[in-house]
Amino acid sequence: MSDPFDFANEDVFPQSERLQILSPEEYELLWGLPYFSEAERGLFFTLNQREGQTLGRLRTPRTKLHFLLQLGYFRARQRFFRLDVETVRDDLAYVSRRYLDGVMIADLNISKHTRQQHLSLILALFGYRMIDQRIRLTLEERALVAARISSRPVYVLRDLIDHLRHQRVVLPGYTHLQDVVRRALSFERQRLSEALDQFIAPDDEVMLDALLSDDDGLHAVTSIKHHPRDFSHKQLLVEIERGHQIRELFFVARRVIAQAGLSAESVRFYASLVDYYTVYKLKRMTPAMTRLYLLCFVHDRYQRLNDHLLAALCALVRRYSDEVAIAAKESVYRHKIQANDDLGQGVKILQLFLDPAIDDQTPFVDVRVRAQDLLTVDRLERLCQHLTGDAGGFDEAVYEWQAIDAIMPKVKRNMRPLLRFLSLSGTASTRTLLNTIEGLAQAFRSGLQLPDDAISTALIPERARRHLLDPVGSVIRDRYEFLVYRQLRDRLEAGDLFCPDSARYRSFEDDLVDDATFQNRATLLPQVGLVEAASSIKDQLATLQEALNTRLEAVNERIRAGENHFVQYRRGQTVWTRGHDAQESLQHEPFFDAAGRVDIDQLLLFVDKRTDFLAAFEHVMGRYQRERADKPVTIAALMAYATNIGLGRMAEISNLTRHQLSGTAANFIRLETLREANDRLANATARLPIFHHFDIGNVVHSASDGQKFEAAIPTVNARHSAKYFGLKKGVVAYTLLASHVPLSARIIGANEHESHYVFDVLFNNATDIQPATHSTDTHGANQVNFALLHLFGYRFAPRYRDFRSKIQAGLYGFKHPNTYGHCPLKPIRRIRENLIISEWPNIERILLSLALKTTTQSVIVSKLSTYRRQNRTKKALWEFDNIIKSLYLLDYVDSPILRRNVHKALNRGEAYHRLRRAIAYAHGGRFRVRSQQEQDLWNECARLIANAVVHYNSIILSEVMQTLENSSNKAASEALKRISPLAWQHVNFYGRYRFDSDLLPIDIAAMASQLAGTGANLWLNTA
């Protein structure tokens, strides 16, 4: 049997023939020997009582020093290392001074038996164990499961690492895990290849291969990749034509994906490869892999296509309804003005009865004729109604339907093609509406009118009957058609109607895991990190009940005692005062005024030299393509996108040509490579000594918020927002920020609720910076986020605009409110525990679906939060959310520290937004692209530049902190830890660019010495 402590075969960084999963920096963070700052040595080499007693039992200085070093390194990495005196000289000197009076040794060579003894002692102290054959087999099985969830190598590797840490097992060598991941992915690819051979018919293969055929210089798949720019008639017709083109293939893809057991995450991953790879590259792959990618692409694209069409339908109906409402109000206003103007003529009509020239023998019909010469009958009737105060003369509904009559030609032109294409389903309550919709669609396909027997008057509300039925009781067809469109929109948004071929608009049940997966939830929930959710719900509720009752009692007692300055109890009344928030973040950081000014291209080259983040930009043809990205040209292309200048303008103001820039951008700059580069920079920042001083309340406290950007060119996701864009359209860049580092970002529509993306950005954060607490403003709160984040291991800590009303209307308890007597704060009602318990299995299904990514998490969260369709499961999840929210509200009202921490985290987000605006300065910060994917691309470039600036500033702060600690300047050192790295006054983003591969000298040590010395006078008093 091999020795578990034998490091003779431990791997160094993996060789090129192995599957490359981690960058060198990521490998070093997990498997490399840690390099400590002075402050970190104090943290990792501090012994508790048990560790000190174990050290005391060792005999010689060499064995003690070896034990101390292995102990500290294990605490940091949960791994053991071969120790060499030269490599660990600084750490050796530190532990020798601290524990052995400075005794030095020539080497760290100890016997194999002694080393094994030390490692066994350390394992016992930390409760860890070495990997054995049983665990190795478990890893192989777990990797196969993970590979079926996602075919991304990094996902499988992270899942294995998380499992080992949860089981408290020392990580094996990286090469071993590489091989496990490679075998799992190879097995999955082989399984899929066999499934494709079995389930794809020859005719299906011909249709798939046709996507790569060259038709008049344009491949079919290239045309299908394009998304609509907006909801114009022409763009929608083109999108519908694409739908007809791939509809038959979609049904094939749906069948094969189900038969092959492909997960939704894997489908999205394989589909994305068709976007990343050129047709030339796809043709060079094995036929089985190419067809797999194309099948997944067709499935994903067809669902997105239906999403676009349904979103267009809802947006158009909303636009028409708003247009009708405005027209009706204008008509009412115009007729009221006309009635006022007719008053003079009305006086003349009344004077006819007093006119002496009209004798009593004059026929009344003559008088009537003279009156009608003054005012027409309808105008006279409206005048009479106006004078009597009868509002019926100005019935707004009448004018609304008249406005509908006027716009119906364009409504038919835009809406009928959508109805002809879409396939809809619904609940039992929508059967009549569905039948009518199908009848309309069939009539439109045939070019006929809707048959009378397909018109159901049951759809017409009672209040609208007089407007939709003519005097003989027949339906006015145009008005009825518009009514159907409006009800269709309402039912879609309520979740009562859905499209099975859509991702966002399919039924909620289709978003969840299937029955076979759900039956295995007892095993799967702990595997995906939902350990608490897998425990007994009765035990969970008992724990939460005790915590909530205790907090209610304690908080109310402190209020009655006058110890809470945020809320006080005076003469039986609750009095709220303004809380003491954290200090507003500075618009300007004086610290960096004394830092040397640096051009952005030189900053990026310097940061790349320290982190190698530019190596993430691999050629689109693959990792082993000989061509490598030219660093100055890559930086120029990144700056062109990040600043909103664009490649053409960048070529004009730099020493590079447009051909150079466009070639590099097309071959290297993709969402995949940008996100990898951002993750590398974030992880590198996390390793700097200053980083842990960015913690809030001794934890990583993140925040997410949206930043509005106008879209210069209309895109499918751009929406109107009068508050932010005036009459223009725009989008929102939603960003997750933790410890000043932007971890992830998404572009969403200005009409979408930010709270739907909170869980999404947190759960899909792929960096090593994992937040414990997360804050948002009021827009980030909804009815499920407290529950979801709690069950997934985060603490949700939003800041509400009106906290007083929130706690008065949102505090719940496990007892009836009457039992709290005259408490200043008491629940509005009791938690329905039985509802939660009875529906918990269904809630587990939702949680498992989120963890396994059966669909985009934001889709599930939005449906849980906003669908008007109610059911017991949704109510039960809201009820559980009320418990977690109530605990937070009590903590917030009772803790000024928590309030300051939340405010501080959100202020950091505002500081990031200012940096982001400064980077994207050109053209007023407007996106000048034609698709959401390009918006994501430009936004990721701006985030990358911001990450580089944060990393550069953090390097300076770390160096200055080390200088101050060496000089024992504790006051300045503490002030330094409050400096934000989100500053840019010393960075030049503007002007003409000369991108050069020569890195000008940047002496960080000299800069740090200046900032710690004379420069300190500029910032110390303001920090």
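**Group meeting talk: salt bridges, a cavity and a patch**

Okay, let's start with a contact: Arg845 and Asp515 make a salt bridge, and their closest N and O atoms are 2.5 Å apart. This pair ties together distant parts of the chain, since Arg845 is in helix H36 (residues 833-852) and Asp515 is in helix H23 (residues 515-519), 330 residues apart. By salt bridge I mean a side-chain nitrogen of Lys or Arg within 4 Å of a carboxyl oxygen of Asp or Glu. Helices here are DSSP runs of H or I with at least four residues, numbered from the N terminus.

Some housekeeping before I go on. What you see is a predicted model, where local features need pLDDT of at least 70 and side-chain atom pairs count only at pLDDT 80 or more, while totals for chains, interfaces and linings use all residues. Residues are numbered from 1 along each chain as its sequence is written, and side-chain values use heavy atoms, with hydrogens and water left out.

Back to Arg845: is this residue buried or exposed? Arg845 counts as buried, because its relative accessibility is 16% and buried means under 20% relative accessible area, with exposed being over 50% and partly exposed in between (1.4 Å probe, protein chains only).

How many salt bridges are there by this rule? The count comes to 47. Let me show you two others. Arg491 pairs with Asp496, with 3.0 Å between the closest N and O atoms. Arg491 is partly exposed at 29% relative accessibility, whereas Asp496 is buried at 12%.

The other one sits within a helix. Glu676 and Arg680 meet through their side chains in a salt bridge of 3.1 Å, N to O. They are about one helical turn from each other, because they are four residues apart in helix H31 (residues 671-686). Glu676 is partly exposed, with a relative accessible area of 24%, and Arg680 is buried at 10%. Salt bridges can also share partners, and in this model that joins Arg551, Arg558, Glu563, Arg795, Asp891 and Asp894 into one network.

Next, the empty space. Rolling a probe the size of a water molecule over the atoms shows where empty space is left. On a 1 Å grid over the protein atoms alone, a cavity is a set of points where a 1.4 Å probe fits but cannot get out, and lining residues have an atom within 4 Å of a point. We find one cavity of 30 Å³ or more. The largest cavity has a volume of about 60 Å³, where volume is the space filled by probe spheres set on the points, and grid points are joined across faces, edges and corners.

Which helix gives the most to the lining of the largest cavity? That would be H7, with four residues. Helix H7 (133-149), helix H8 (153-166) and helix H24 (521-527) each supply at least two. Among the lining residues are Arg142, Tyr155, Asp159 and Leu852.

Last stop, the surface. Leu350, Phe353, Leu354 and Phe364 make a nonpolar patch of about 520 Å². Patch residues have over 30% relative accessible area and no salt bridge; like charges are joined within 9 Å, and nonpolar side chains (Val, Leu, Ile, Met, Phe, Trp, Tyr) within 5 Å. The areas come from the Shrake-Rupley method with a 1.4 Å probe, and for residues only the protein chains shown count as cover. Leu350 belongs to helix H16 (residues 343-351), and Leu350 is exposed, with a relative accessible area of 58%.

Notes
1 Å grid on protein atoms, 1.4 Å probe; cavity = no way out; pocket = protein on both sides within 12 Å on 5 of 7 lines; lining within 4 Å.
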